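Please open the structure in the viewer and keep the sequence at hand.

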Amino acid sequence: MAITEIRNLTNNTVTIPKTDFEQFDNKEAFSETITATIETLTKWNKIKLDDNIQVTWDNGDRAVGGTVKIDKKEVTISGLILVSKISMGLNGQIKIAPKTEPDPVKNPTAVISVRMGNIPSDVNPNGDWLIDLSDKQDGATGTSVRLDSLITWIGSQTGDDTTDVAIPQTGDEASDQPKLEEFTVEFNQFHFNITQKTFDIDVSSTKGQSLTFGNFTIENVGFRLTNEPISLPATPALPETPEDVVDAD
């Protein structure tokens, strides 16, 4: 890969000779900092420290925002930002609630928080194409489903069928019927990286909520399926025992 043009966007001029382009260490790929040894600095000395420098490569890459620093015969252009790649994104929340819900906006059955695109961010530094169904960027709520309301919603879709939709009892007693009040499943991660062909599905119950079956109570329900590397928390160090402490005296 070779440079085809270096332009000063501050005054919109091209004053750098082509022979100088070939001296830069940019043969493999774009870099935000490029360096060259230039024997004759007449043209470069006319560039001010705060001028906005644009660099264009023969593969179509274009970078702007560069600044020039000269140290003896070494010329460095740093701070280049690649602008030839166009990024796009779409985000929003979808709320679903049964018709019987008096306030579906405040108490939805499910909130699906969606973000799709290839805009670089802290979550997506490489600008990969992502479909995130658990978006929490920019204050988004994330994705969650209320189990009790979901069962009610399913029941409302059964038409003339009068059969109640419910989780089966685990025994003969009425107390074995699961209690679903305020039980919510949250999607901690639910995204697909189309570029890398990876995915991460991480689901758990809302902290502090539980699901009761008769004498059994399930808390902190969780499920995860992924082909991406997972960063596990560091194992805390064990407290020192008296034998581990060395007498300073």
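A patch is made of residues with over 30% relative accessible area and no salt bridge, in which like charges are joined within 9 Å and nonpolar side chains (Val, Leu, Ile, Met, Phe, Trp, Tyr) within 5 Å. Accessible areas come from the Shrake-Rupley method with a 1.4 Å probe, and for residues only the protein chains shown count as cover. A salt bridge is a side-chain nitrogen of Lys or Arg within 4 Å of a carboxyl oxygen of Asp or Glu.

The model is predicted: local features need pLDDT of at least 70, side-chain atom pairs count only at pLDDT 80 or more, and totals for chains, interfaces and linings use all residues. Residues are numbered from 1 along each chain as its sequence is written, and side-chain values use heavy atoms, leaving out hydrogens and water.

First, select M88, W129 and I194, which make a nonpolar surface patch of about 320 Å². I194 lies in the loop between β11 (184-193) and β12 (198-205); helices (H or I, at least four residues) and strands (E, at least two) are DSSP runs, numbered from the N terminus.

Next, turn to the aromatic rings. The whole structure holds 4 aromatic pairs. Rings of Phe, Tyr and Trp (its six-membered ring) pair if their centres lie within 6.5 Å; planes under 30 degrees apart count as stacked, over 60 as edge-to-face and the rest as tilted. Select F24 and W44, a tilted pair with 5.9 Å centre to centre and 55 degrees between the planes. F24 sits in the loop between α1 (18-21) and β2 (34-37), and W44 in the loop between β2 and β3 (53-57), 20 residues apart.

Finally, select F187, F190 and F192, which ring pairs link into a cluster.
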